[in-house]
Amino acid sequence: MTAVEPVLGERTLPGRIGDSPTRPDGVAKVQGSFAFSGDMSADGFLWGATLRSPHPSARIRSIDLSAAWRIAGVEAIVTADDVPGKLTYGLIASDQPVFASDTVRYVGEPVAAVAAIHPEVCRRALAAIVVDYEVLEPLTDPERAIDPSVAPIHPDGNVIRRQRIVCGDPSVQGEIQVEGTYEIGMQDQAFLGLEAALAVPDPGGAGVELHVATQWLHEDRHQIAACLDLADEQVRLVLGGVGGAFGAREDISLQVHTCLLALRTGRPVRMAYSREESFLGHVHRHPARIWMRHHADRDGRLLNIEARFVLDGGAYASTSAAVLVNAVTHTQGPYKCDNAIVDGYAVRTNNLPCGAMRGFGVVQACFAHEGQMDKLARACGLDPVEIRLRNAMQTGDRLITGQVIENVAPVERCILETAALPLPDEPVGGHDGDPMRLPGGAGLTADRQHIRRGIGWGVSIKNLMYSENFDDYSTARCRLADGVVSLKFATAEVGQGFITIAGQIARTVLGVDDVELEPIDTAIGSAGSTSASRQTWMSGGAVDGACRLVRERLFELVAARHGIDALRLAIDGRDVVDTMGELRVAVAEASSGIVIEETFEHHHRPTEHLDELGQGNCHTAFAFVAHRAVVDVDPELGLVKVVQIATAQDVGRALNPLSVIGQIEGGIAQGLGLAVMEEIIQTDGRVRNASFTDYLLPTMLDMPPVLTTLVEEPDPMAPLGAKGVGEPPCISSTPAVVAAIRDAIGRDLDRVPVRPFDIAL
Amino acid sequence: MTISSSPAELGSNQIYTLRVNGTDREVRDAWVGESLLFVLRERLGLLGSKGACEQGECGSCSVLVDGELLCSCLVLAASATDQEIVTIEGIAPVGAPSDVQQAYVDAGAVQCGFCTPGLIMATHALLERSPDPSELEIREALSGNICRCTGYGRIIDAVQKVSVARRVES
């Protein structure tokens, strides 16, 4: 393995790569002075609000706005008739109307929007809009959506994408065969900072400035501009403070509506979703039904995998096509297998639209393949660790898509390092016997003698960056003047801490202490999306590249001044040094009175589309992780207490170890949530639990201690040796928890979240 | 920037006074249906309290009212007169964070930061009544504050560090 180029001075000065400096926005956030998108305001602003469909499927016969217009304080009401440009938007396919005009396809679909002087006036105006619906029978069963005899619910058809994979000889039969059908419920990203934006129109309506919490400023801008019939340059996006994202801010939600109201009224407009509206107004994790049959020899070595995936995309396509590709191409998990046949569908229904959520299709595949690995272990008489070690993938192995894993692939090490972490030493209920530690906690429902403990495993592979020929490049600009660096990029900071490591990179490359960050907006080229665990690699690569270009020019200047070859110069600490001589000059001094500015675009290597048989180098890079969960289960009431999670994650190189730990622990909390509590429940297309009272999220009492080992094997393919770390924690933590519950109660559980009645009945 | 008025159509608009962070603040022309959270944010410009669920489940809008930690989204502003209200802005001056606030920054307990002001309020309240809480006590006391980013590990670490530091100091 090639070592990453060592940087002199690394890990020797505070704030450099490998250190864990605090967040630049940390003090503002703890003091409440950090401006989130919902905190933005402007003189003379109006409030915006959205009218949504109460039906999963209906035709709109008419919309009567007259009563709403009569309410004092209402300044604008807009419907599909008022959209000046393109009537639809979407990330991959532009199939979602800005406002429904003739048909509504899910509960919550926007039909109209109002601007008024007070939120309560908005609410009353929405209540006064009369929409005459002809209610239709919704299509809610994804299997029916595949059936070509079922009428399409959208002009683009009901099958958003079908993708097969045929690899090797899929007729190979194993002496050992295990089979299962797995279901994954619809998870919500449930970020805390609700959707919110402020749109400020240019004088005369020549353009608009939108302050918004998003994951991808430039893509938003492109979609918004098309709908407003403006050029991209006439729409300026500024990142409003983002209160979490997790995939839900990759799609447009209120962006076009807010801008449209601002342009219509000529006044700034603020729009902010309620929690209920947020559940309806953004895309979710795809519910999935996955069948798998694994073939192995008596030693447990995988020979062949058969699988079928059905992902419910809901009413509009969003990123469903890419989510499906991720799901099917991760069928095998982090295990070698030469033969496979996979069939996958992402379909359209009248359920809530689904798109990106942390893990992006791989969460679903992993829950199925890890369930299968445990079944295989039992069938072969092996323990869960041994079956995984025997099949563990390595660098150079070939995926069922034909793609060779070229990244560092320390699957075996992740498993062994996880296994080496200590199991909890306390008995059920803890040493102090506090009943709060038992399943059911404060309910005091558990009888300690009946509680059963279980241990389970999950191991996963996750692709990093975008796939299938998408060039999701990132741009950064670096400016050095008088020893101070300023950095400019459009990378959405959503809490993950890119703004922290950007400074670390600049300090390390340029030997400075002071790094200023310019506003995050569309005044520079795209950074791509803050998703797919890609910003450390892509925007980190862009910042690193821009800083290196500046460093080259600095070295040329110093070299010219001293009559030496610039190639002899290096950064050591805060100085430029001659590696072959005595020269040592502080960067602050060397850059005194000059300005050096460079912009760099980082592109990852090209990838390919999958062919009809699912073959092709479709992914950019991969990361790996292992999880072990310990749970206590009350089998009588079906309640679960997760006692401990241990993990070893392949991070390449931890640029900021404290941030990496934060991503790992936070991702595991979301994985635990999917395992035992989180699900949007829909009946006939209607959402039953669109609130934080009814959609359960892990609290501090639900989260166990997490033991973490960072597996640091710098990846030669990554610009800084660092892999993205955001998604892997929430992928195999879910199957690990479920495996632990199975271990405790000795029963198959093939669905997440695991509900009390799945255990107790 | 705060909103200036409400239309008479929204009902009887009264003048009332809230005592926030030690200062009397007059609220004029407000609709009586406005929550304390809304008035703090939109009329008094105290944007540090956050709204994330509107039903007292997430703790993001936590403030102290007469020393009691509660969710300001559940309180009608017009009913919170004659009470001492403390918001996140009343915890420490800008640029001079409290020990709890600094510990959150240093321990890596802040990611997106949306839940943070509420958690800071709850942490101050916890350490006020129980200076040396056990881990379980911390988990129980802060379980009304949902954080979606951190998985809580670094938050518990921050609270424990403050507790230890205060003990050493005293």
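The legends below describe several views of a predicted model.

Residues are numbered from 1 along each chain as its sequence is written, while chains are lettered from A and ligands numbered from 1 in the order in which they are written. Because the model is predicted, local features need pLDDT of at least 70 and side-chain atom pairs count only at pLDDT 80 or more, whereas totals for chains, interfaces and linings use all residues.

**Figure 1. Chain A as a whole.** The secondary structure of chain A comes to 17 helices and 31 strands, where helices (H or I, at least four residues) and strands (E, at least two) are DSSP runs numbered from the N terminus. The radius of gyration of chain A, taken over C-alpha atoms, is 27 Å, close to the 27 Å that the globule rule gives for 761 residues, so the chain is as compact as a globular protein of that length; the rule itself is 2.2 Å times the number of residues to the power 0.38. Along its principal axes, the C-alpha trace of chain A spans about 80 × 75 × 60 Å. Of the 761 residues of this chain, 61% count as buried, a term used if 20 or more other C-beta atoms, placed from the backbone, lie within 10 Å of a residue's own, with 12 or fewer making it exposed and values in between partly exposed.

**Figure 2. Helix H9 of chain A.** At 1.5 Å a residue, the 19 residues of helix H9 (residues 362–380) of chain A should span 27 Å, and the 26 Å between its end C-alpha atoms agrees with this; the expected span is 1.5 Å times one less than the number of residues. Since 17 of the 19 residues of H9(A) are buried, this helix is largely enclosed by the rest of the structure. Just after H9(A), Gly381(A) takes a positive phi of about 70 degrees.

**Figure 3. Surroundings of Val676(A).** Val676(A) is found in helix H15 (residues 657–676) of chain A, and it counts as buried because it has 24 C-beta neighbours inside 10 Å. Leaving aside residues up to four places away in sequence, Val676(A) touches Val640(A), Val737(A), Pro753(A) and Val754(A), where contact requires C-beta atoms, placed from the backbone, to lie within 7 Å. Although Val676(A) and Arg755(A) are 79 residues apart along the chain, their C-alpha atoms are separated by 6.5 Å.

**Figure 4. The side of chain A that touches chain B.** Here 55 residues of chain A are in contact with 48 residues of chain B. Helix H1 (26–31), helix H3 (119–128) and H15 of chain A are the elements that give two or more residues to this side of chain A, and the largest share, eight residues, comes from H15(A).

**Figure 5. An open sheet in chain A.** Three strands of chain A form an open sheet in the order E6-E2-E8, with antiparallel pairing, and two strands pair if DSSP finds at least two bridges between them. The edge strands, each pairing on one side only, are strand E6 (103–104) and strand E8 (130–135) of chain A. Strand E2 (residues 58–64) of chain A pairs with E8(A) in the antiparallel sense over six bridges, and the bridge partner of Arg59(A) in E8(A) is Glu134(A).

**Figure 6. A hairpin in chain B.** Strand E3 (residues 62–65) and strand E4 (residues 68–71) of chain B run antiparallel and are joined by four bridges, with Ser62(B) opposite Cys71(B) in E4(B). E3(B) and E4(B) form a hairpin with two residues between them, and Asp66(B) in the turn has a positive phi of about 50 degrees.

How values were computed. Contact = placed C-beta atoms within 7 Å.
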